[in-house]
Amino acid sequence: MRTPGWLALGSLSVAVLASTAPPARAAIPANDGKAIVEALVACGTRHSLSSWTDTKRGIGCGRDVVVRRFEAVENESGKRMRVVVDRFETTAPRTRNVPVPMENVYAILPGTDPGLERTAFVVSGHYDSMPSDIMDPGTDAPGADDDASGTAVSILAARALAKNSVRATLVFAAVAGEEQGLLGAKRLLEWLTKQGYTVGGMITCDIVGATNGSTDRRVRVFSEGGPDGVDSPGRQMARLVEDVNGKDAVRLIFRLDRFGRGGDHRPFVEAGLPAVRFTEPLEDYRHEHQTPRTENGIEYGDLVKFMDFDFVAETAVVVQKTLTEMANAPAPPRRVTLGGAVTDSAKISFESERDDGRKGFEILWRETTDARWSVLRTVDAPSEPPAKPFEETLQNVSTDNQYFAVRSVGKNGRRSIA
């Protein structure tokens with residue numbers, strides 16, 4: 001039975017997923033990313049246990065670079081954006097279990113929609129670095145790719161979007177302590193929660209600065225599966241990233257992270273939030289976590305000379321387009337459930353709050369062996385959400401053979417995470 005006020009616009013025929021809204025794609029010069037990375041590398045090391053007060057060398061020097069860049073963007077935004085330096089103390093095995101100071105830097109672009117302004121979409125890079133010995137704060141650790149590149153992408157995306165009006169809030173972050181155990185990311189999630197934000201989606205950009213000779217220039221997007229190993233909020237977000245940017249721009253990798261490794265999206269994933277990792281197409285381990293040196297004719301070190309700044313700019317555009325889509329879409333439906341077991345018709349029910357910017361919803365489906373959704377049915381949003389959950393009955397559609405999902409569609413053509 002269809003809930004009164006709903007109008008089915010589509011049939012059971014399959015439509016290809018595509019946003020009808022023209023993507024925002026501002027030009028992001030490669031040289032801008034290069035300047036940011038070079039300024040961070042000039043700090044010598046940005047090890048999180050190095051000096052926070054030395055303005056020329058150490059993690060404090062790196063923080064100052066980030067703050068200056070974000071404040072420049074804040075000024076370009078006409079002060080609509082605000083910069084926050086979040087100082088905190090933390091302890092972990094890689095701090096020798098001794099409390100140490102840390103500082104994250106955030107640039108926040110407030111949402112303009114009262115119903116969505118407390119939803120935050122986040123992009124983050126970590127500005128700390130490390131040499132071969134994770135516990136050595138004195139040795140040079142340029143960290144050009146890992147992760148001055150991701151920090152640069154966060155700053156570049158902030159600049160590209162600074163003058164835009166977005167319905168939800170955008171948070172551009174540069175965090176410390178990643179190499180010491182994802183300490184800055186854990187704090188970022190804690191800070192957002194204490195500020196009353198709900199995280200609508202999180203992207204960590206980590207090692208996004210080189211292609212290392214790869215002919216495949218797509219950004220790798222890592223996403224974890226759910227308890228069943230198939231779907232999760234992050235997996236759905238990864239699909240949205242591909243829908244918005246296209247298969248030529250991103251490559252979906254269905255695992256939490258590179259094998260045996262981790263990144264700053266993990267605390268968000270573990271909290272059940274949509275979070276993904278962006279990483280370059282092909283890594284060169286001689287240029288990650290390596291003290292600069294030459295051995296047997298092989299040059300080691302995470303140096304600027306090995307970077308591909310066109311790729312940094314390309315990654316920033318992917319981030320920009322993804323944030324633009326998510327921050328301007330209606331909120332996703334809530335409490336989506338599938339019913340109709342042992343019957344000849346599937347039943348989809350879900351809840352949704354009022355949103356005057358919402359056009360309707362798309363019911364999605366896919367074969368259990370497929371990776372991507374197709375549109376099964378499109379329905380209009382009612383003028384007033386009913387007191388009971390919405391319910392759509394899919395006649396002669398088995399619950400056994402496909403997966404199902406629902407997403408919101410805005411009047412502006414923007415689509416939510418499914």
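## Pockets and cores in a predicted model

β5 gives the largest share of the lining of the second largest pocket, three residues. This is a predicted model, where local features need pLDDT of at least 70, side-chain atom pairs count only at pLDDT 80 or more, and totals for chains, interfaces and linings use all residues. Residues are numbered from 1 along each chain as its sequence is written, and side-chain values use heavy atoms, with hydrogens and water left out.

A pocket is an open set of points on a 1 Å grid over the protein atoms alone, where a 1.4 Å probe fits, with protein on both sides within 12 Å along at least five of seven lines; lining residues have an atom within 4 Å of a point. Volume is the space filled by probe spheres set on the points. Strands (E, at least two residues) and helices (H or I, at least four) are DSSP runs, numbered from the N terminus.

| Pocket | Volume | Lining residues nearest the centre |
|---|---|---|
| Largest | About 560 Å³ | Q236, V336, F404, A405 and A418 |

Now the cores. A nonpolar core joins buried Ala, Val, Leu, Ile, Met, Phe, Trp, Tyr and Cys residues through side-chain atoms within 4.5 Å; buried means under 20% relative accessible area (1.4 Å probe, protein chains only). The largest has 73 residues, with F70, L170, F172, F278 and L323 making the most contacts inside it. Helix α7 (residues 309-328) supplies its largest share, 11 residues. Another core, of 18 residues, lies apart and includes W191.

Terms used: Buried means under 20% relative accessible area, exposed over 50%, partly exposed in between (1.4 Å probe, protein chains only).
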